[in-house]
Amino acid sequence: PDGSLGLWNIRERRLSGSLPNAAKARLEGEVGSGSLDSFTFRHAFSPDGKLLASGDLFGRIMVHNLETGAVRLIWEHFNTYASVAFSPDGKTLASASYDGILKLWDPSSGNELATCQGQGAAIHSIAFTPGGDYVVSGGKDGCIRVWDAHPNVPPVNPLAGIVNQPFDYSVLATQGNIMHFSVPRGCATSPNGRVLFQPFDPRPPTPSRHDTVQRFAAGVERALSVGGRFLVYRGTNGPCRIMDLELGTEIASYMPLNGETIGAISPGGQLVASSFADGRMLIREPRLANIRFMTGTHSNRVTAVEFSPAGNMLATAGCDGWLKVWDLGGLRLVAQAAMPGLTHFEGPKALAFARDGKAVACGENSGPVLVMDLEPVKPPRLMETPFPGWFARGLAFSPNGRLLAACGFTEQAALF
């Protein structure tokens, strides 16, 4: 509370001196009027021990040169409780406070190197990774974020070396239109083929050379197969059509039953899973004009349907609050679990299989994300979402099945 930084001799276990913090030194910048504004909140030594940085309760950042005695006010944050941390090489100083802003500085000159915004809440603590390439911040919103500690250094392009690789992925565009693109195999797509991420290249993928049309009306219902090769869609009051997007041709069509809604199409394009408002479901084989009705499905509207990557299983979830997994060989129920949310008015919207088909994840508007192991069948696991009311709208397993990514109607994505 006296506005001082105490320097201790560790070997002799005694106070060897003291330095004023920003409040006591009366450095330029606003001076707090509260009785606690003189408190030092965080401090840090540079790796070589020549500099001492501190952040006080009023949000000011200052650096003492312990060899020359010089002192410099680096920055005054827009809120209280300032934290500081030096990079392992001592060339960068990071500061943050309850204003939710992380800044990087040259501690010798006081020049600002970067401003990082996006925490969305007060930052409680910061630290550099051992290699000094990243800064990690922990905030009041319960999220830990990782920032680039060298923002002015051009990033390494992870797609280098794949220029001559084949282009074989399809992408489903939004807003009711279908655009068939092909993109490098090195790009990242979700298991169900609905999400594309191509880092460091904002240009849209080029149309496939196999396309007979680049764009056509997708109608009122549509689903893309795992891997993105096959598309089933339906126009208003018209037939459902199945497209092979690699060849750019229609391979089958059928007239749906009254009230039948498209759910999903299998990876090979042979099967289409559909549902009705009362929870009934059927499996179609359009090219053989064969229909199989499923029994014991759901007691209310089905809101999420997904085929496994191998095409031998089907996962369904609905407004009755149940997640069910079926063996398509005999339409046999393999496993089921009750969703953890308190209400299921809209039903689950996010559903995904692991690449090996041994697990399935499901999320909805409230409650944790449910993960169910299928080989062997185990009790379901619950993954807590970042904050109450977080909506799960998209799920994807990593290729090895060890990580699960979830996104919703926020700027945040969760990784489990």
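Visitor: Why does Arg284 count as buried?

Guide: Buried means under 20% relative accessible area, exposed over 50%, and partly exposed in between, using a 1.4 Å probe and protein chains only. Arg284 has a relative accessibility of 6%, so Arg284 counts as buried. This is a predicted model, in which local features need pLDDT of at least 70 and side-chain atom pairs count only at pLDDT 80 or more, while totals for chains, interfaces and linings use all residues. Residues are numbered from 1 along each chain as its sequence is written, and side-chain values use heavy atoms, with hydrogens and water left out.

Visitor: What makes the contact between Glu260 and Arg284 a salt bridge?

Guide: A salt bridge is a side-chain nitrogen of Lys or Arg within 4 Å of a carboxyl oxygen of Asp or Glu. The N to O distance for Glu260 and Arg284 is 2.8 Å, so the pair meets the definition. The two residues belong to distant parts of the chain, 24 residues apart: Glu260 is in the loop between strand E21 (249-254) and strand E22 (261-265), and Arg284 is in strand E24 (residues 281-285). Strands (E) are DSSP runs of at least two residues, numbered from the N terminus.

Visitor: Why is Glu260 called buried?

Guide: The relative accessible area of Glu260 is 3%, which is under 20%, so Glu260 is buried.

Visitor: How many salt bridges does the structure hold?

Guide: The structure holds six salt bridges. Among them, Glu112 pairs with Lys103, with the closest N and O atoms 3.1 Å apart.

Visitor: Why is Glu112 described as partly exposed?

Guide: Glu112 has 40% relative accessibility, which lies between 20% and 50%, so Glu112 counts as partly exposed. Lys103 is buried, because its relative accessible area is 5%.

Terms used. Helices (H or I, at least four residues) and strands (E, at least two) are DSSP runs, numbered from the N terminus.
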